[in-house]
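Please look over the chain shown here, and keep the sequence at hand while reading.

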Amino acid sequence: MDKTQPHPVFKLATELGPLLVFFAANAKFQLFVATGAFMVAVTAAMIASYVVTRHVPLMALVTGIVVIVFGTLTLVLHDETFIKVKPTIIYGLFAAALGGGLLFGRSYIAIMFDQVFNLTPQGWRSLTLRWALFFLGMAILNEIIWRTRSTDFWVAFKAFGVIPLTMGFAISQMPLIKRHHLEPATMETSEAEAGDVSKG
């Protein structure tokens, strides 16, 4: 099914908005109120994404589910550990899914990012491995920060550190993407050749 491509500003707002809500609520009301506000903001972002595009990106959906589950545990048990370990769980899941897929010869990064570009098989494998290692590194980094720094520092890192790090890493992958990019004509030729081989 064709998906409406959202405006970049809308996409940024749905991704960054909940984090800004989390940061602002923590600064004014502390972590538990911020957790509830974060859950509401993430849910609102997913609903807005579906209303505008009739689609919720896989990463946003997984993140939203984990936020709601661990946010609920945080509020019910009144234990901030759950919301702090939530990013570790999310990054760990993404790293495991991508790395596990590679072991079986599958590059799930295309599904995770809604395949906004087309690459050669080698390109997909290389990009998948790099993102798997990035998510693993982010999981480790989150563990270090929440265990060794204050709650306010962790919240600030989550709101203003994660997005720049992720964007910086994504931009650094552009040479790889350009090197392995498939032009439409090349894709059609490859598909035709594959069809001829299968018939033979």
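Does Ala48 count as buried, partly exposed or exposed? At 27% relative accessibility, Ala48 counts as partly exposed, because buried stands for under 20% relative accessible area, exposed for over 50%, and partly exposed for what lies in between (1.4 Å probe, protein chains only). This is a predicted model, in which local features need pLDDT of at least 70 and side-chain atom pairs count only at pLDDT 80 or more, while totals for chains, interfaces and linings use all residues. Residues are numbered from 1 along each chain as its sequence is written, and side-chain values use heavy atoms, with hydrogens and water left out.

Ala48 belongs to helix H2 (residues 31–53), where helices are DSSP runs (H or I, at least four residues) numbered from the N terminus. Its C-alpha atom is separated by 7.8 Å from that of Thr14, although Ala48 and Thr14 are 34 residues apart along the chain.

Helix H3 (residues 58–77) holds Val76, and with 65% relative accessibility Val76 counts as exposed. Val76 is also one of the residues of a nonpolar patch on the surface, which Leu61, Ile65, Val69, Leu73, Val76 and Leu77 form with about 520 Å² of accessible area together. Such a patch is made of residues with over 30% relative accessible area and no salt bridge, nonpolar side chains (Val, Leu, Ile, Met, Phe, Trp, Tyr) being joined within 5 Å and like charges within 9 Å; the accessible areas come from the Shrake-Rupley method with a 1.4 Å probe, and for residues only the protein chains shown count as cover.

Thr74 lies in helix H3 as well, yet Thr74 is buried, with a relative accessible area of 0%. Its side chain reaches the backbone oxygen of Phe70 at 2.8 Å. Leaving aside residues up to four places away in sequence, Thr74 touches Phe32, Thr35, Asp79, Glu80, Phe82 and Ile83, contact here meaning heavy atoms within 4.5 Å.

In one of them the side chains of Glu80 and Lys84 meet, at 2.8 Å from N to O; Glu80 is partly exposed, with a relative accessible area of 28%, whereas Lys84 is buried at 5%. Glu143 forms a salt bridge with Arg147, and the closest N and O atoms are 2.7 Å apart. Because Glu143 and Arg147 are four residues apart in helix H6 (residues 121–148), about one helical turn separates them. Glu143 is buried, with a relative accessible area of 18%, while Arg147 is exposed, at 57%.

Phe22 and Trp154 form an edge-to-face pair, with 6.0 Å centre to centre and 90° between the planes. This pair links distant parts of the chain, with Phe22 in helix H1 (residues 8–29) and Trp154 in helix H7 (residues 151–160), 132 residues apart. Phe22 is buried, with a relative accessible area of 0%, and Trp154 is buried too, at 1%. Ring pairs also link Tyr91, Phe94, Trp131, Phe134, Phe135 and Phe169 into a cluster.

How values were computed:
Helix = DSSP H or I, 4+ residues; strand = E, 2+ residues; numbered from the N terminus. Salt bridge = Lys/Arg side-chain N within 4 Å of Asp/Glu carboxyl O. Polar contact = N/O pair within 3.5 Å; in protein donor to acceptor, adjacent residues only side chain to side chain. Phe/Tyr/Trp six-rings, centres within 6.5 Å; stacked < 30°, edge-to-face > 60°.
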